[in-house]
Amino acid sequence: MGVSEIAIEARNAVKAFGQGAAAVRALDDVSVQIRKGEFFTLLGPSGCGKTTLLRLIAGFESPTSGQILLDGQDITNLPPNRRPVNTVFQSYALFPHLTVAQNVGFGLQMQGKPKAEVEETARRMLALVRLEAMADRKTSQLSGGQQQRVALARALAPKPKVLLLDEPLSALDLKLRKEMQVELKRLQTETGITFVFVTHDQEEALTMSDRIGVMSAGKIQQIGAPRDIYTRPVNRFVASFIGETNFLPATLQGAAARLGTGDLVELTDPPTRSGTVTLTVRPEQVRLAESGIAATIASWVYFGTDTHVHLALRDGTEVVARLQSNPSGETGLTQGAEVHLRFAPGAVQVLGD
Amino acid sequence: MADASFQPSRIPGFATVAVLAFVCLYLPIFTLVAYAFNAGTSIAVWEGVSLHWFARAWENEAVKSATLRSLLIATTASAVSTAVATLAALGTTRRAAYHGQTFIYVLINQPLMVPEIVTAVALMIFFGVIKQWTGYQGLGYLILAHTAFCIPFAYLPIRARLEGMDLSLETAASDLYASNWQTFRHVTLPLLAPGILAGAMLAFVISLDDVVITEFVKSGGQDTLPTYMLGQMRRAITPEVNAISTGLLGLTVILLTAFFLLTRKKG
């Protein structure tokens, strides 16, 4: 990957809050490269440092150590108003004393652009988010979803090199959130601007992103395409934070792993190390079969499209299988029945910790 | 009543005390205003309706010059103190809490806590020394004194407004290429305007009303309206004083109503 393809980069970024022994590292040596034109999502639970990283990129905070680079230029010490980077705030932060159009034109006005250009761009941006009719309203007269669009238009109007979005959809109800997800993706494709999106919602991350950086405890745990993150989680945190999964203790034996029950599980991508490890396999990759690993049916929950079957292996390990429902919805399962299960080929992953 | 919560209005005698309190507060003012329209020369014996005393006050050169002096001092002092108070409010709210913040808060609000008579005597002595040194006897001393004690009154509403203001608006402005000055000019100041106006009006009324400090600080021939009226008390009192008071009351009511409307409008 050439340097010219990188829009924004954090290099060994550390952000500590507080002094001395009481200091908390909100960001602990984070390095990440975000490509031009990419929809990149920082995903993690609250307090994982994702918003702090966003604020370092925007310039609202300066790193304790490390660098922020934009197009290969060190911008670590530039104030926010001198960075060609705009933010969509979680609270929207629309100016209540200005009209919708004035809000959208604010950035260009501050840059000293001619009045005609400011107004023309504001109109174009409002058309882009389908709010032309609201141009002369006060922002307090808009609904939450409309305010969200104004915030987007305002941040896009100055044509930033990178658009930062800090959990912008969290205040919207479910239906509106789904609509805005589609809308955001459309805007990103149409404008070609690099989006850095912060969320704690794994579904949002999976459906919208080109790549995801999963964060926990101030560190980036894994970076990859949604499919990589879901199917090949590198550690227990990533595996459990994104989707549901099963954890199985095992011992490595060459290209296979021996479960606590004594059964051998084939590995498609065996690690070079040996010893005890944790395997992970998604519930939808667990199948009931004629032969395989012996298990007892503990219980099941019917979800409509599928049924979650809770199984107990001989060594007591609990495994959840997600079975597609048949047309009648009948499971044909009996509690306490002895069954066998198999894992779909290539579905078993060895975790790094 | 099923509701067991404490209701002060149900204490025996509550209504009586409440009515008495209102009578004590408002009856004297009503009387004062009423006797301003008295045709006779007494402030206690009613002799019919007349605007005579308003006319007398209007034609009285001493009243006129005292009024103008009062307005000049109040305008200057409220303008300067509001500017200072705005800076003080910005300095004490627009940043993370720092060591000594409470101390600074107390310092700014000192005039609210120290007895006014103490400040008055202190100023008289202090300015007395300066008057001897410089020979300057002008209105500057009064304006300076009024500015000083008006600061906390201007400061409080501005600070209250600032504390209710979302800091992320200023962050958003800086994100949208506004320099510090532009952020202040285009975001902070317009949003703060109602607070600043409210502070200025409160300061204006406080200055207009002041007797104690003015009485001690003023030089000869520098009567303000309140000190002029105090001087009149030493002679035979006529309803002229009532008329002046009524005018002052009217002005104050207008300003305080405006203050109330401005602070309430902020939703």
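# Close-up views of a predicted two-chain model

**View 1. The annotated ABC transporter domain of chain A.** An unreviewed UniProt entry lists "domain: ABC transporter" at residues 8-242 of chain A; UniProt positions follow the numbering used here, feature names are shortened, and annotations may be inferred rather than shown by experiment. The model is predicted: local features need pLDDT of at least 70, side-chain atom pairs count only at pLDDT 80 or more, and totals for chains, interfaces and linings use all residues. Residues are numbered from 1 along each chain as its sequence is written, chains are lettered from A and ligands numbered from 1 in the order in which they are written, and side-chain values use heavy atoms, with hydrogens and water left out. Residues 8-242 of chain A are 36% helix and 26% strand, with 25 Å between the end C-alpha atoms. Helices (H or I, at least four residues) and strands (E, at least two) are DSSP runs, numbered from the N terminus.

**View 2. Chain A as a whole.** Chain A has eight helices and 20 strands, and its C-alpha atoms fill a box of roughly 75 × 50 × 40 Å along the principal axes. Of its 353 residues, 48% are buried (under 20% relative accessible area; exposed is over 50% and partly exposed lies in between, with a 1.4 Å probe and protein chains only). Among contacts (heavy atoms within 4.5 Å) in chain A with a separation of 6 or more, 67% involve residues 24 or more positions apart. Chain A has 37 positive and 36 negative charges, whose mean positions are 6 Å apart. Lys and Arg count as positive and Asp and Glu as negative, without His and the chain ends; each charge is placed at NZ of Lys, CZ of Arg, CG of Asp or CD of Glu.

View 3. Most residues other than glycine have a negative phi. A:Asn12, in strand 1 (residues 6-17), has a positive phi near 50°. A:Asn12 is partly exposed, at 40% relative accessibility. A:Asp29, in strand 2 (residues 24-35), has a positive phi near 60°. The relative accessible area of A:Asp29 is 43%, so this residue counts as partly exposed.

**View 4. The helices of chain B.** Chain B contains 12 helices and zero strands, and its C-alpha trace spans about 75 × 70 × 30 Å along the principal axes. Buried residues are 40% of its 267. Chain B exposes about 14,800 Å², with 71% of this from carbon and sulfur atoms; accessible areas come from the Shrake-Rupley method with a 1.4 Å probe, and for residues only the protein chains shown count as cover. An unreviewed UniProt entry places "transmembrane region" at several spans of chain B, including residues 12-37 and 187-208. Residues 12-37 are 88% helix and 0% strand, with end C-alpha atoms 40 Å apart. Residues 187-208 are 100% helix and 0% strand, and their end C-alpha atoms lie 32 Å apart.

**View 5. The contact between chain B and chain A.** The contact takes 17 residues from chain B and 24 from chain A. About 1,700 Å² is buried between the two chains, 65% of it from carbon and sulfur atoms. B:Asp175, B:Leu176 and B:Tyr177 supply 45% of the area that chain B buries against chain A, more than any other three residues. Buried area is the accessible area (1.4 Å probe) that two parts lose on being put together, summed over both.
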